[in-house]
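Let's take a walk through a protein chain together, one piece at a time.

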Amino acid sequence: MIFYLAATFASALLFGLGLCFSGMLDPQRVQGFLDVTGQWDPSLCFVLMGAAGLAALAVLLQRKMKKPVLDVSFHMPTARRIDRNLVIGSALFGVGWGLSGICPAPALTAIIPGHVSSYLFLFGLIVGISVYEIRARRQ
């Protein structure tokens, strides 16, 4: 259990540091990437390409392993269908990310230096998750 917690902490720390050093805590960088007709900032593209490359290597490694190092089995998603909820949720996430320039991981990381926009974003995130949970329980 201690190795699991240490690995979780280490990977979260590495991810957070990567967000800090890449400048992704700044909402202006994200909005600058989406501003293709004005002051376009390609830095998010490089961060995404690096993340996709690392994820591809991790998938190749995972396929060669019988089981993960710190668990008894891999926990892979079972849903394969693209449904209305997935499309609506993805659209809401994309629109929110584009308008605010903030997504959950940078918002959590940006709390440490005290970015006010992160607190507002996280408040909205908690409200949105709560509304979803209430709605899901009624169905």
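How many residues does helix H1 have, and how far does H1 reach from its first C-alpha to its last? Helix H1 covers residues 2–22, which makes 21 residues, and its reach is 30 Å, close to the 30 Å expected at 1.5 Å a residue. That expected span is 1.5 Å times one less than the number of residues in the helix.

Before going further, a word on what you're looking at. This is a predicted model, where local features need pLDDT of at least 70 and side-chain atom pairs count only at pLDDT 80 or more, while totals for chains, interfaces and linings use all residues. Residues are numbered from 1 along each chain as its sequence is written, and side-chain values use heavy atoms, with hydrogens and water left out.

Now step back to the whole chain. It holds six helices and zero strands, in the pattern α-α-α-α-α-α along the sequence. Helices here are DSSP runs of H or I with at least four residues, strands are runs of E with at least two, and both are numbered from the N terminus. The C-alpha trace spans about 50 × 40 × 30 Å along its principal axes. Of the 139 residues, 16% count as buried. Buried means under 20% relative accessible area, exposed means over 50%, and partly exposed is in between, using a 1.4 Å probe and protein chains only.

Back to H1, then. Which residues of H1 are buried? They are Gly-16, Leu-19 and Ser-22. Seen down the axis of H1, these buried residues fall within an arc of 140°, so they line one face of the helix. The arc is taken from the directions that run from the helix axis to the C-beta atoms.

Zoom in on Ser-22, in H1: a polar atom of its side chain lies 2.8 Å from the backbone oxygen of Gly-18. Leaving aside neighbours within four places in sequence, Ser-22 is also in contact with Arg-29 and Val-47, where contact means heavy atoms within 4.5 Å.

Helix H2 has its own buried residues: Pro-27, Val-30 and Gly-32. The buried residues of H2 pack against H3, helix H4 (84–100) and helix H6 (116–138).

Val-30 turns up again in the largest nonpolar core, whose six residues are Leu-19, Met-24, Leu-25, Val-30, Leu-44 and Ala-110. A nonpolar core is a set of buried Ala, Val, Leu, Ile, Met, Phe, Trp, Tyr and Cys residues joined through side-chain atoms within 4.5 Å.

Next, Ser-43 in helix H3. Is Ser-43 buried or exposed? Ser-43 is buried, with a relative accessible area of 13%. Its side chain is joined to that of Asp-41 by a polar contact of 2.9 Å. A polar contact is a pair of N or O atoms within 3.5 Å; within protein, one must be able to donate a hydrogen and the other to accept it, and residues adjacent in sequence count only if both atoms are side-chain atoms. Not counting residues up to four places away in sequence, Ser-43 touches Met-24 and Arg-29.

For a contrast, find His-75 in the loop between H3 and H4. At 64% relative accessibility, His-75 counts as exposed. The side chains of His-75 and Asp-71 are joined by a polar contact of 2.8 Å, and the side chain of His-75 reaches the backbone oxygen of Ser-73 at 3.5 Å.

Finally, a note from a record: an unreviewed UniProt entry places the feature "transmembrane region" at residues 46–65, 86–112 and 118–134. In the model, residues 46–65 are 95% helix and 0% strand, with end C-alpha atoms 29 Å apart. UniProt positions are given in the numbering used here, feature names are shortened, and annotations may be inferred rather than shown by experiment.
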